[in-house]
Amino acid sequence: MLDLNLEANRCLVCKNARCKSACPISTDIPTVINLYKEGKIKEAGELLFNNNPLSAVCAIVCPHEDQCAGNCIRGIKGEPIQFYKIEEEISKNYLKDADFSNISKNGKNIAIVGSGPAGLTVAFELAKKGYNITVFEKNEQLGGILRYGIPEFRLPREIIDNLINILKNMGVKFKINATVGPILTLDKLLEDGYDSIFIGTGVWNPRRLEIKGESLGHVHYAIDYLRSPKNYDLGNKVVVIGAGNVAMDAARSAKHYGSKDVFVAYRRDFDNMTATKAEIHEAIEEGVEFMTYKAPIKIVNEGIILADTKKVVNEGIILADTKKVVNEDGTTSLITVEDSEKLFECDSILVAVSQVPRNTIVSNNKGLDVNNRGLIMTDNSGHTTRDGVFACGDVTHGAKTVIEAVVAAKIVAQSIDEYLK
């Protein structure tokens with residue numbers, strides 16, 4: 001087990017800290033380290049929370065290899081400082097005792113649609129300023145992607161519950177099983193006295209593979225599976241298609257809940273996987289096996305037909321064959337190898353190749369423009385094409401990280417405050 005005091009003392013407390021510069025929300029890591037070493041844990045927790053209300057979550061789920069740890073000067077010749085472990089300890093303890101109950105109200109009402117990272121962050125930022133906040137959540141439990149998309153063995157539910165309890169103590173009201181769109185329209189919310197509306201509904205519709213057999217009974221979408229993995233009987237042999245963080249969470253969950261053999265099939269190699277190296281490493285340690293340079297061709301009752309892929313130089317020519325995938329740099333393409341298709345027998349298949357937003361709000365309310373991907377369009381302040389309605393997070397930019405949602409939500413919260421003043 002990591003000795004956090006030794007880890008803090010290893011930190012060089014750099015004057016121009018690269019870890020802080022690489023943090024999307026500019027966490028003042030040197031100051032937090034110094035406070036921790038001085039035993040000022042509450043002060044360190046307060047500093048972290050005021051900068052990032054979801055600090056306890058980000059300490060666990062952030063891609064640290066690309067941010068603080070990946071830019072630590074200690075990591076040039078040795079092991080980088082695992083600041084995120086210190087942050088997790090400080091922030092989790094801070095949430096247990098944080099009290100913001102004595103806040104003067106300003107009499108203005110804000111509706112927040114969605115209780116994921118963006119919605120919770122906006123709620124925190126505006127509740128601190130005295131706004132009356134009501135959060136509308138379509139599910140029976142709060143937390144959005146934090147609760148329904150990240151496995152409990154990765155993100156303890158106690159952290160989410162503590163965040164929500166603090167918001168309740170701040171006077172924030174939560175309406176569960178409340179879908180905004182067809183019945184509770186934006187017009188109705190404004191008619192009922194809400195001065196502004198924030199939309200942070202995420203991206204919950206899975207993207208299809210677009211191959212034959214995708215509707216067969218042993219095929220499931222990973223984002224749906226992660227909502228309630230205990231309720232699925234995947235069998236002993238499972239194949240996950242995709243290599244992002246959702247794919248890793250699905251593969252690890254399948255292992256966690258009893259599947260003996262779990263495979264990740266991906267059309268490229270490890271270097272091209274969008275999942276963090278930490279999640280890939282943990283998946284391997286837990287027994288997940290990887291099949292690289294494999295492309296799904298067809299799903300059958302016995303399993304899935306996979307073909308080998310390989311890179312070829314195309315000299316800038318776009319390959320139009322439907323079995324050929326133009327890849328990242330325009331000079332090489334990934335193609336399927338002829339006569340390489342083989343049946344891979346398995347009990348279940350989990351599809352994890354990205355998500356798109358549901359259009360419940362957009363299709364039932366006028367004035368919200370979306371782009372060609374179905375994402376809500378906003379300006380730089382988060383203002384949508386409808387006056388008084390703001391949005392940010394995955395619903396505006398597609399599936400991103402939790403910390404990116406928090407950063408955007410802080411900007412939008414300030415925009416809403418300025419708009420209402």
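Leaving aside neighbours within four places in sequence, which residues is Leu-54 in contact with? In this predicted model, where local features need pLDDT of at least 70, side-chain atom pairs count only at pLDDT 80 or more, while totals for chains, interfaces and linings use all residues. Residues are numbered from 1 along each chain as its sequence is written, and side-chain values use heavy atoms, with hydrogens and water left out.

Leu-54 turns out to be in contact (heavy atoms within 4.5 Å) with Pro-117, Leu-120, Thr-121, Leu-146, Leu-163, Val-402 and Val-406, once its neighbours within four places in sequence are set aside. Leu-54 also shows up in the largest nonpolar core, a set of 51 residues in which Leu-54, Val-57, Ile-133, Leu-146, Phe-198 and Ile-416 touch the most other members. Such a core is a set of buried Ala, Val, Leu, Ile, Met, Phe, Trp, Tyr and Cys residues joined through side-chain atoms within 4.5 Å; buried means under 20% relative accessible area, exposed over 50%, and partly exposed in between, with a 1.4 Å probe and protein chains only. At least two core residues come from each of α5 (55-61), α6 (83-97), β1 (109-113), α7 (117-127), β2 (132-136), α9 (157-169) and α16 (402-420). Helices (H or I, at least four residues) and strands (E, at least two) are DSSP runs, numbered from the N terminus. The biggest share is from α16, with nine residues. Another core, of 23 residues, lies apart from this one and has Leu-234, Ala-247, Ala-251 and Ala-352 among its members.

Then there is Ser-196, in strand β4 (residues 196-199). Ser-196 counts as buried because its relative accessible area is 0%. Its side chain reaches the backbone oxygen of Gly-388 at 2.9 Å. Not counting residues up to four places away in sequence, Ser-196 touches Asn-109, Ile-110, Ala-111, Gly-388, Phe-390, Ile-416 and Leu-420. One of these, Ile-416, is also among the core residues that touch the most other members.

Lys-85 sits in helix α6 and, at 36% relative accessibility, is partly exposed. With residues up to four places away in sequence not counted, Lys-85 touches Leu-2 and Leu-4. Lys-85 and Val-407 are 322 residues apart along the chain, and their C-alpha atoms are separated by 21 Å.

Terms used:
A polar contact is a pair of N or O atoms within 3.5 Å; within protein, one must be able to donate a hydrogen and the other to accept it, and residues adjacent in sequence count only if both atoms are side-chain atoms.
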